[in-house]
Amino acid sequence: MYDNYYFIGIGGIGMSALARYFKYMGKNVSGYDRTPSALTAALQEEGIQVHYEDRPDLVPINVAKTFVIYTPAIPESLRELQYVRERGYSLCKRSRALGEIACDKDTLAVSGTHGKTTTSTLLAHIFASGTEDGCTAFLGGISKNYRSNLLMSKGNVMVAEADEYDRSFLQLRPKIAVVTAIDADHLDIYGTHEAVREAFAAFASQVSPDGYLVAKLGAGLYAEGVKARILHYSYDTPCDFYASDIVALQGGYFSFTLNHPGGKMTGCTVGVPGWVNVENAVAAAAVALLYGVEPEHIKRALATFAGVERRFDIHVNTPRAAYIDDYAHHPKEIATAISSMREIFPGRRLTGIFQPHLYTRTRDFADEFAAALSGLDSLIMLPIYPARELPIEGVSSQMILDKVTLADKVLVEKPQLMDTIRQKKPDCLVSFGAGDIDRFIPQIEEYMKNV
């Protein structure tokens with residue numbers, strides 16, 4: 001019915017996957033984003049037109065043949081958004097578009113306030129790396145195995161990262177779903193932790209009655225109204241799916257036995273380091289086993305998983321220096337990443353760079369951020385990345401920094417970041433944040449390679 005698909009906010013990770021999907025389907029795809037990025041550059045290389053000015057005149061003029069998809073992160077004041085509404089274009093949010101694609105698929109959805117990107121990408125890799133029909137996958141990060149956030153297949157399996165932001169995941173009705181965590185987050189949308197838990201309960205109630213809900217043990221999921229069979233997974237606590245015989249290997253890797261209702265998978269390894277990835281592997285393997293994938297295939301796929309860009313992403317690891325970049329923007333994610341780094345680099349002095357994401361998140365979790373960051377040896381703090389928000393009076397990165405218990409801590413502007421790193425001469429460095437801190441990765445990597 002539609003020849004043209006136009007995206008307002010095309011550079012977002014979820015939006016870009018949809019743009020690639022419709023391009024693959026032979027449609028004319030174009031869109032707007034506020035700033036250029038590596039992702040928008042990749043879209044342009046793939047033949048998708050992207051512009052960076054609010055230009056209603058660049059929206060395809062054929063109203064009847066154009067479908068517009070937008071992200072809720074776009075402000076209502078954007079002229080392009082007002083233009084398509086006033087002229088009667090067919091229009092929907094990203095989440096609804098994804099829900100429409102998923103409605104006739106066997107959707108395997110991974111939700112959770114953290115861990116969902118790695119878990120969903122690992123699950124997609126299990127299907128894509130050897131099952132007969134593979135899978136279609138919409139991912140919240142760039143898979144290192146496939147160099148994309150979109151996998152395409154003619155089969156009926158679809159893996160989707162189920163995003164709780166703006167209650168987007170309520171557009172999905174999965175055959176199997178995972179819940180990795182239900183922590184307080186996105187309180188600018190939900191207001192309270194209780195409202196977050198209620199949204200996850202609503203999502204869980206939409207899982208097919210003949211399907212499965214795989215929840216992390218202790219996540220606190222409200223089970224009333226859930227029609228699917230509920231199973232649990234954990235890192236090492238006995239339940240339906242869990243790891244045992246865990247042995248630390250060199251470089252932060254682990255071998256383990258994966259216990260499941262049908263038996264045991266011995267000698268498992270994951271192709272990325274960190275204890276948390278054992279837990280992610282247990283969750284992904286649980287879904288694949290429940291769908292009927294052979295255990296030996298799952299075991300091989302776990303070992304060949306290369307990870308996700310910006311998810312505990314190791315850029316430098318030499319005897320003299322190490323640099324890891326991580327998308328972590330919630331206190332628990334930061335604490336987990338620091339814990340993993342302590343295991344991988346025991347005895348090393350750990351320096352962290354943190355760019356807070358959103359004024360509301362900084363306001364709501366200043367104490368928790370400070371506690372997590374105090375697990376470092378040295379901290380370089382950057383100003384808040386506002387994303388979709390306007391400043392809030394009295395809220396700044398200094399709120400967090402004042403509460404951090406480290407003696408070695410400093411707040412700098414972005415133009416001073418590289419000079420500050422050179423002055424500190426770190427031998428083990430990690431950068432945290434969901435804003436534009438990734439723009440510094442190439443410079444930091446080059447410096448750390450030559451330490």
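This is a predicted model: local features need pLDDT of at least 70, side-chain atom pairs count only at pLDDT 80 or more; totals for chains, interfaces and linings use all residues.
**Pocket lining and cysteines**

Reader: By class, which residues make up the lining of the second largest pocket: nonpolar, polar or charged?

Author: Residues are numbered from 1 along each chain as its sequence is written, and side-chain values use heavy atoms, without hydrogens or water. A pocket is an open set of 1 Å grid points, over the protein atoms alone, where a 1.4 Å probe fits, with protein on both sides within 12 Å along at least five of seven lines; lining residues have an atom within 4 Å of a point. With Tyr and Ile among the nonpolar types and Glu and Arg among the charged ones, the lining has no polar residues, two charged and eight nonpolar.

Reader: Which element gives the most to that lining of the second largest pocket?

Author: Among the lining residues are Tyr21, Phe67, Arg96 and Glu100. Two or more residues each come from helix H1 (13–24), strand S4 (66–70) and helix H4 (94–102), where helices (H or I, at least four residues) and strands (E, at least two) are DSSP runs numbered from the N terminus. With four residues, the top contributor is H4.

Reader: How many disulfides does a search of the whole structure find?

Author: A disulfide here needs two cysteine sulfur atoms within 2.5 Å. The sulfur of Cys92 is too far for a bond because the closest cysteine sulfur, in Cys103, is 12 Å away. For Cys239 the closest is in Cys268, at 15 Å, also too far. The search of the whole structure gives zero.
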